[in-house]
Amino acid sequence: MSGALRNVADFDRAAAAGLRTLYPQRLKILVGSASCGVSLGAPDIEAAARRAIEEFRLDACVCRTGCIGFCAKEPLLDLVLPNGPRISYCHMTPQKTRALLEAYSKDCLKLELALCRFAGEEIVSTGEVHSYPSSPGPLQLIPERSKLDFYRRQKKVILRNCGSIDPRALDETIARGTYRGALRAMTRMTPEAVIDEVSVAGLRGRGGAAFPTGQKWRLAREASADVKYVVCNADEGEPGAYMDRTVLEGDPHAVIEGMLIGSFAIGAAEGFIYVRSEYPLAIEILEHAIDQAEKRGLLGKDIFGTGWSFHVTVRRGAGAYICGEETALIESLEGHSGEPRTRPPYPVTNGLWGKPTVVNNVKTWASVPPIITRGPAWYAGMGTRRTPGTTIFSLEGAVKNAGLVEVPFGISVRDLVYEIGGGLIGDRPLKGLQAGGASRGCLSPSVLDLAIDTEDRENATILMGTGGIIVLDDSACMVDMARFLVGFFLEESCGKCVPCREGTGQMFRILSRICEGHGTMADLALLERLAKSVKSAAVCGMGGMAPGAVLTTLSHFRGEFETHIQEKRCSAGVCRGLVAPGAFDGKFGRHAAKKAKG
Amino acid sequence: MTPGDGSGSAPIGSVLVLGGGIAGIQASLDLSAAGYRVFLVEESPTIGGGMARLDKTFPTGDCATCIISPKLVGAMRDYNIDVLTMADVTSLSGEAGRFVAEVRMRPRGVISSKCTGCGDCWTICPVRNNAEPPPPFRPDKPLSEADAARLGGILARHEGQPGNILPVLQEIQESYGYLPRFLLEHMACLWGLRPAELLRVGSFYDRFHFEPYGRHLVEICAGTSCHARGSGKLLEKLEKEIGVGAGETDKSRRFTLRTVRCLGLCALSPAMKINGQPFGRVDLDRVPEILEKFA
């Protein structure tokens with residue numbers, strides 16, 4: 001389909017076309033082809049599916065889709081049955097794919113390979129539900145998706161279309177309500193009303209700092225300047241977080257629509273999306289999406305006949321963690337090395353080329369459109385009073401159901417790890433969590449019953465941060481983890497200010513000393529003193545937070561540091577200079593587990 | 001230095017220090033403190049040398065002025081030190097312990113006893129006001145025709161766009177496989193930039209490299225999740241298989257091995273990429289089989 005989209009009638013026509021490819025009247029084979037699928041062989045599976053279609057003369061189409069979040073079960077392949085439900089198959093291989101399609105040609109579905117079936121899919125942007133035709137019989141034996149532990153508590157808003165649509169098909173995303181929010185905002189609302197709705201919904205920045213988005217937009221709107229910019233921060237450098245990649249790879253138009261609404265609200269005619277260069281697939285899909293949106297009049301000049309113009313450019317990062325900091329990102333967009341600026345002035349008044357600039361995270365931009373289409377009350381009804389809405393966590397490490405989960409704020413860590421995550425691999429004991437980004441250090445299991453939120457009130461919550469939750473079992477050494485995390489900051493420090501550049505290096509040296517068995521108790525005191533000085537003296541947020549990795553880990557696991565120093569013993573058997581119990585009795589440690597398996 | 005043997009005369013208790021930079025000043029102060037008479041000879045109109053022009057000193061980042069200023073004042077006030085500026089040593093004779101030096105001082109054009117440092121002479125200084133700007137930077141050798149066309153094409157695509165340095169460097173690296181230094185020098189020349197500006201941007205970002213990689217680039221994720229799930233073991237295995245350490249290229253230039261901070265495949269750790277193709281949940285025993293696919 002082509003032709004510009006200018007009004008509701010155009011949208012309805014495109015949506016109808018999209019529905020025809022979303023739910024065709026023949027077998028549809030969906031291959032999860034985001035980076036996680038590709039890394040486990042999705043292209044081979046797709047090729048096998050195409051060969052099988054030829055071989056068994058099936059009336060079927062193959063479609064690549066994004067990630068449904070269940071990375072532990074990758075590679076995933078879904079069958080959307082004509083006049084039947086959608087069934088997900090997990091741990092696929094080319095051989096299994098061929099066998100599955102061969103069985104299908106003989107009217108058998110190989111349900112033993114199935115993960116779950118979809119009874120329906122909520123179209124979040126409009127609130128409608130697409131129900132698949134239900135069929136009685138053996139299909140009822142496979143669990144419905146919402147009955148799985150992994151999905152029961154989830155509420156997909158940001159990931160609303162990931163894993164359901166072909167990210168390269170604009171009509172399919174329109175059939176699921178994308179760009180309706182922009183249409184409503186730009187043709188029936190004033191910019192102030194848009195900002196009010198975002199404020200009332202209580203949306204806060206999802207990048208980690210949780211600044212109220214409506215307030216940020218209002219400040220930029222009120223700043224007087226001839227030119228303003230909107231920027232999407234997709235420089236997801238935080239180790240352990242990959243939700244931005246998944247959104248961009250699965251539903252790029254959600255982000256573009258959010259930016260379009262934002263540009264209208266603050267009065268910016270130009271936007272940039274700054275993506276890490278480590279995400280080539282996301283960049284490719286995003287550029288394709290922008291190209292499509294321009295061709296269909298959703299970007300460019302005179303959008304929806306309103307006279308409003310908006311252009312978006314994709315810029316690639318070049319491998320610098322610090323560029324995830326908004327002022328460093330702005331420096332990088334301007335073509336300099338990414339060294340942070342001192343704030344104030346803040347980017348909302350003096351940003352890109354000194355002009356008012358709104359920098360929001362991928363997840364924040366993608367959260368905006370449903371607020372406009374379904375109203376702020378609907379959005380504010382999810383999550384906690386302090387932080388309404390949903391956010392994405394990436395569960396990984398020693399957890400069974402590793403993957404991306406989108407849940408309303410306020411969920412407890414225990415529910416995340418043991419209910420959604422299904423507990424630890426091999427039911428090993430939980431030793432700690434590395435949650436919310438490298439600067440948050442490692443937390444002990446004492447935090448399990450705390451809720452996750454954006455603000456820390458009387459230690460009753462743990463901070464969301466960047467949303468990565470790495471589950472550590474007893475094969476992890478916390479001194480080694482602290483050393484690793486500080487090493488990360490040492491490597492990524494831009495070198496502009498002395499406390500961060502030299503301080504992280506000294507902390508790394510002290511921790512290395514402890515790991516090698518040469519630590520003294522005085523080192524611990526020195527480490528703490530040094531961490532506190534770096535924290536108070538560094539120029540930017542990264543330097544200020546880097547010592548957190550040491551301080552938090554030390555406060556939660558002081559005993560383990562002391563055993564390393566006084567008894568020269570590493571209970572996990574990670575630190576090579578020290579005595580590892582696993583070396584003798586074969587009961588503990590990573591090596592021991594391997595041995596037991598083999 | 002050994003005292004002379006023949007003449008039998010005692011060594012002279014004065015020392016000539018040549019060069020009034022921070023080293024010369026410090027040497028003079030130390031000698032004076034040890035009781036020697038010092039003649040500090042400096043070619044330029046002032047002592048202080050290179051350090052007086054610096055803001056900070058490497059590697060400690062200490063303030064340069066704070067270090068040198070007290071020493072400048074000290075050297076000028078010290079009764080044991082005679083500072084001879086605008087002076088050249090024209091001849092040196094004698095032997096260790098008993099030298100005779102001839103120092104020629106050039107005229108200053110200002111009566112230094114009357115100078116108050118008001119700076120008025122600066123505005124009418126014929127030398128300074130007619131000074132020629134330094135010649136613009138010119139690369140050593142000209143570009144070959146093919147390179148000139150290739151670079152010209154890349155530059156033309158980005159000419160005039162604000163903030164275009166990063167995209168241009170990325171495109172050069174894609175085209176050449178690395179950032180050739182001579183190309184950056186020519187680019188700086190064409191766009192009226194200083195080469196240092198480009199080198200600074202190029203060296204800041206981890207993805208840019210000034211040396212070519214091997215035929216295949218192996219990137220191991222060193223993110224937190226991968227670290228907790230054994231990326232260290234994976235790196236060791238790859239180092240053993242390929243025979244080089246992280247950040248190096250093997251002799252046959254088949255593989256370059258490097259670590260990268262998080263590939264975003266955290267739920268599939270340990271993860272790696274070869275030539276951009278991602279591999280998740282890498283089993284150590286499968287490593288040789290994977291590498292074999294990349295000849």
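Leaving aside its neighbours within four places in sequence, which residues is Leu77(A) in contact with?

## Surroundings of Leu77(A)

In this predicted model, Leu77(A) is in contact with Ile29(A), Leu30(A), Val31(A), Ile45(A), Tyr89(A), Met92(A) and Thr97(A), once its neighbours within four places in sequence are left aside. Leu77(A) belongs to strand β3 of chain A, which covers residues 77–80, and the C-alpha atom of Leu77(A) lies 6.6 Å from that of Cys90(A), a residue 13 places away in sequence.

Is Leu77(A) buried or exposed? Leu77(A) has 29 other C-beta atoms within 10 Å of its own, and because the cut-off for a buried residue is 20 or more such atoms, Leu77(A) counts as buried.

## Two enclosed helices of chain A

Helix α13(A) is largely enclosed by the rest of the structure, because eight of its eight residues are buried. The buried residues of α13(A) are Glu326(A), Thr327(A), Ala328(A), Leu329(A), Ile330(A), Glu331(A), Ser332(A) and Leu333(A). What covers them includes, from chain A, the strands β8 (229–234), β9 (270–275), β11 (308–316) and β12 (357–361), together with α6 (165–176) of chain B. Just after α13(A), Gly335(A) takes a positive phi of about 100°.

Helix α9 of chain A, spanning residues 213–222, is likewise described as largely enclosed by the rest of the structure, because seven of its 10 residues are buried. Those buried residues are Thr213(A), Gly214(A), Lys216(A), Trp217(A), Arg218(A), Ala220(A) and Arg221(A). Their cover includes α8 (191–201), α11 (252–266), β12 and α14 (362–374), which are elements of chain A.

## Contact between chains A and B

The contact between the two chains takes 45 residues from chain A and 36 residues from chain B. On the side of chain A that touches chain B, at least two residues each are supplied by α2 (35–39), α13 (326–333), β13 (390–397), β19 (468–473) and α17 (478–492). The largest share of that side, four residues, comes from α2(A). Sorted by class, the side of chain A that touches chain B has 22 nonpolar, 16 polar and seven charged residues.

## Architecture of chain B

Chain B has 11 helices and 11 strands, and its C-alpha trace spans about 85 × 50 × 35 Å along the principal axes. Whereas a compact globule of 295 residues would have a radius of gyration near 19 Å, the value for chain B is 30 Å. Buried residues make up 24% of the 295 residues in the chain.

The domain assignment divides chain B into domain 1 (14–110), domain 2 (145–204) and domain 3 (216–292), and the C-alpha centres of domain 1 of chain B and domain 3 of chain B lie 56 Å apart. When the contacts in chain B between residues at least 6 apart in sequence are considered, 57% of them join residues at least 24 apart.

## Confidence in chain A

The pLDDT of chain A averages 91, and 96% of the residues score at least 70. Over residues 582–598 of chain A, however, pLDDT stays under 50, and for this stretch the model has 22 contacts beyond four places in sequence.

Definitions and conventions
Residues numbered from 1 in each chain as written. Chains lettered and ligands numbered in written order. Predicted model: local features only at pLDDT ≥ 70, side-chain atom pairs only at ≥ 80, totals over all residues. Rg over C-alpha atoms; globule rule 2.2 N^0.38 Å. Buried ≥ 20, exposed ≤ 12 C-beta atoms within 10 Å, placed from the backbone. Contact = placed C-beta atoms within 7 Å. Domains from an automatic or database assignment. Nonpolar A, V, L, I, M, F, W, Y, C, P; charged D, E, K, R; others polar. pLDDT = per-residue confidence, 0-100.
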